[in-house]
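Let's take a look at this protein together, starting with its overall build and then moving to its nonpolar residues, inside and out.

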Amino acid sequence: MNELILYSSILIFLIVLLIILCIKVFASVKNKVNKYLYVCLIFSTITYIILDELFVVLYNDNITYYPILFNIVAILFYIIFITFPLIYCLYLCGFIWSKKNLLIKSIILIPYFILLIMVIVNIFVPFIYSISLDSSATVKYIRLDFFNYFVLINSFYYFVPIISVIYLLITRKFENKSILIYSILYSIIPIISLLINAFIVPLTINIPVQPLCNTLGVLFAYFFIMEKEHLKEKELLEKRSQEVDVLTNLAYVDILTELPNRRSFTEQLLDDEEKKEIGTIFIMYDVNNLKKINDIYGHQAGDEIIKKTADIINKTFASYGKTYRIGGDEFFTYIPFNKDVDIQKLIIEFKERLKNENKSSSYELDISIGYALRIDKKTTVSELLKEADKNMYLDKAAYHKIL
């Protein structure tokens, strides 16, 4: 009787643990498929534990023996015995294999229906187990020769997660090692208990081996589901982060040239107004003949001119500062204090690049350029912009004078 009390106490503890897991899943898992499949797994486990308890109680000689009730409990026990691993197995297959792959799911169900038919047939022609209807019989429940084969067929559903993990490792289709580990642990522990229960300790009252191991399997299934849920949330956050980056890029980057746009330019000027570093250089550019090129060659040629302008500016000034497209044909370069900058030399280099570009171009590109250098902290951004703009227009005037 003491052994039966201990056995029952362990089973009650397992049921309480499973109920707690069920509540946690309902509270934390957002995906309905994950949630309800896991709840089904929990209830199948609780049912298994209750039937296991009834099975042991009815088997025990300490109470009055009811053979018909024992027979009903045994049938239900064997049905839940084969249903428990199927639920999680189907869930895992849905996770690993495509939803459209009906062939694999059909194959997964075949052993279950075979086992179910065997349990039904056993009611009329015992070949897995037999129960004596004689209340005075010394041996009430006997496992027959086919019992071990029945257990081995049922273990198929515990091997599927392991096979699935091997499949994932070989194909390298999944990188989250935690989920793979939980799926292996889910499988191995019930397999060990199944083999112990079938071949080593056929029937014991001391320790509920199978209920304990099945509950451990459900616990690892919980970690599996939570890890998968966490992975989905992480993927969703990464996707949203990428979408934010794209929107930010659209807000701060010019699509045609991929240079920072006028908004970025404005923020750069606000930052400079606070620092007012001596030695900062503002450079203004303006494409001189863009309208003429648009009129003669079309707007596609005009876009090419804009991109070539950005390219020439970047090749000359990118290592010293940051360039912005601030208008249709207007550009700006911000060069923070750098003692190695020889602005006159860079402008000559810029003009040379422009000249070389025109040698291979079907239309002439000319860019006016002007700069301003901050020589003291009193010089404001507005003053530097005016000076750079003034010098650029002097360069533009020189261009038109030549024409």
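## Overall build

The protein chain of this predicted model holds 13 helices and six strands. It has 403 residues, and 44% of them count as buried.

Contacts tell us something about how the chain is put together. If we take those between residues at least 6 apart in sequence, 72% join residues at least 24 apart.

## The largest nonpolar core

In soluble globular proteins, nonpolar side chains tend to be buried together. Here, the largest nonpolar core brings together 29 residues. Which residues have the most contacts inside it? They are Y78, I128, Y129, Y141 and F150.

Several elements take part in building this core: α2 (32-59), α3 (67-96), α4 (102-124), β1 (129-131), α5 (147-154) and α6 (156-171) each supply at least two residues. Helix α3 gives the most, with eleven residues.

Y78 deserves a visit of its own. Leaving aside residues up to four places away in sequence, Y78 touches V119, I128, Y129, Y141, F147 and F150. Among these partners, I128, Y129, Y141 and F150 also belong to the group with the most contacts inside the core.

## A nonpolar patch on the surface

Nonpolar residues also turn up on the outside. I117, I120, V121, I123, F124 and V125 form a patch on the surface, and together they have about 580 Å² of accessible area.

Terms used
Residues are numbered from 1 along each chain as its sequence is written. This is a predicted model: local features need pLDDT of at least 70, side-chain atom pairs count only at pLDDT 80 or more; totals for chains, interfaces and linings use all residues. Side-chain values use heavy atoms; hydrogens and water are left out. A nonpolar core is a set of buried Ala, Val, Leu, Ile, Met, Phe, Trp, Tyr and Cys residues joined through side-chain atoms within 4.5 Å. Buried means under 20% relative accessible area, exposed over 50%, partly exposed in between (1.4 Å probe, protein chains only). Helices (H or I, at least four residues) and strands (E, at least two) are DSSP runs, numbered from the N terminus. Contact means heavy atoms within 4.5 Å. Patches are made of residues with over 30% relative accessible area and no salt bridge: like charges are joined within 9 Å, nonpolar side chains (Val, Leu, Ile, Met, Phe, Trp, Tyr) within 5 Å. Accessible areas come from the Shrake-Rupley method with a 1.4 Å probe; for residues, only the protein chains shown count as cover. A salt bridge is a side-chain nitrogen of Lys or Arg within 4 Å of a carboxyl oxygen of Asp or Glu.
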